[in-house]
Amino acid sequence: MAAEIVNPRNDSGTEGAPEEPFDPVFALHRGGKMAVQATVPVRNKDDLSLAYTPGVAKVCTAIAEQPELVHDYTWKSQVVAVVTDGTAVLGLGDIGPEASLPVMEGKAILFKQFGGVDAVPIALATTDTDEIVETVVRLAPSFGGVNLEDISAPRCFEIERKLQERLDIPVFHDDQHGTAIVTLAALRNAAKLTGRTLGELRGVISGAGAAGVAIAKFLLQAGLGDVAVADRKGIVSRDREDLTDVKREIAELTNKAGLSGSLETALAGADVFIGVSGGTVPEEAVAAMAPNAFVFAMANPNPEVHPDVAHKYAAVVATGRSDYPNQINNVLAFPGIFAGALQVRASRITEGMKIAAADAIADVVGDQLAADCVIPSPFDERVAPAVAAAVAAAARAEGVARR
């Protein structure tokens, strides 16, 4: 049977033809979800001469003489480029740049709604690492920051590193660092709730892609006692001969316990499970975790451990879904991080700024801390301002702020 073509506006254009079912998703997306809007009026010739020629020439000349004035007299210091090549889009995989645009538009409107930051979706028709880097470097004069999005591993690591080396504006791969920051915030509060420190915990991460690698590094830096990372072939350990360069690095940094074998093996006695891979973890493996364990099963739409199963054994359960408590959602991090970084014209986003963001998110929970509230709601209006203030302060403390 052929796939049904949905006409969300019920406007088939053929008189007497049956109406197609209305689909609110297509209706919302028709024409795109964002637009460019002027911030100054152009009502007459005087306005025109100020906003454009001849008046604009004064500003251009001033910037040519003092390049830093570009932050004061253009949108540069208030706008972020959201850059993708469409190779790792949500749970859809490599769907290409055109098909990625609805997601990039969505990211841009989240920047605006939650952080007051303007963002421009840029989908690139190349998957070559060097071409992506060169393209973004050439676009950079127009932007105050770069948010890399939905670029597949391991290329995403190299692309981010090369751009950070070549640009003096924040470059942030949200799939890595945004996920890690929000995960740390939730883990800090879960540990606090159960009277433990991060150093007392042993974790297991399912997934050795962009998010899994970043989470492992970040949690260790924040003081987690130990963590093992598992991919499709089992625990990433030093004795494996099939590891990529990125996984070899992870093998050196993680798994102090020297575990080998399957994910299920690693979960025996573990305090924390973090899922960023999809798949399903057997219930018996969850049951074998330590008392008062934490299960953060973040795959969408199907968590690696169903919350009903996780609640049988875990003290705290989190997912990536909005219809369960404790949603690990990157929107808690990236709008405020970029707002804070742009506010002080930071040259980059440091590890200290990321730690500050995680602490700020965790602190918003405050007296509401409970098993079903270790992380604030994405709609909590306190989050982005708190994150922005913490990131700006950390940028100044670490010497990367320029105002």
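This is a predicted model: local features need pLDDT of at least 70, side-chain atom pairs count only at pLDDT 80 or more; totals for chains, interfaces and linings use all residues.
Two or more lining residues come from each of α2 (45-51), α3 (56-65), α5 (97-115) and β2 (118-123). By residue class, the lining of the second largest pocket comprises 19 nonpolar, four polar and two charged residues.

The 19 residues of α5 should span 27 Å at 1.5 Å a residue, and the value agrees, because the end C-alpha atoms lie 25 Å apart. Along the way, α5 carries a kink of about 25° centred on V103. Just beyond the end of α5 comes G116, with a positive phi of about 65°.

The buried residues of α5 are P97, S100, M104, E105, G106, K107, A108, F111 and F114. Their packing partners include strands as well as helices: β1 (79-84), β2 and β3 (145-148) on the one hand, and α8 (174-193), α14 (334-343) and α16 (383-397) on the other.

L69 counts as buried because its relative accessibility is 19%, against a cut-off of under 20%. Leaving aside residues up to four places away in sequence, L69 touches A62 and I63. The C-alpha atoms of L69 and V59 are 8.8 Å apart, with the two residues ten apart in sequence.

Definitions and conventions
Residues are numbered from 1 along each chain as its sequence is written. Side-chain values use heavy atoms; hydrogens and water are left out. Helices (H or I, at least four residues) and strands (E, at least two) are DSSP runs, numbered from the N terminus. Ala, Val, Leu, Ile, Met, Phe, Trp, Tyr, Cys and Pro count as nonpolar, Asp, Glu, Lys and Arg as charged, and the others, Gly among them, as polar. The expected span of a helix is 1.5 Å times one less than its number of residues. The bend at a residue is the angle between axes fitted to the seven residues ending there and the seven starting there. Buried means under 20% relative accessible area, exposed over 50%, partly exposed in between (1.4 Å probe, protein chains only). Contact means heavy atoms within 4.5 Å.
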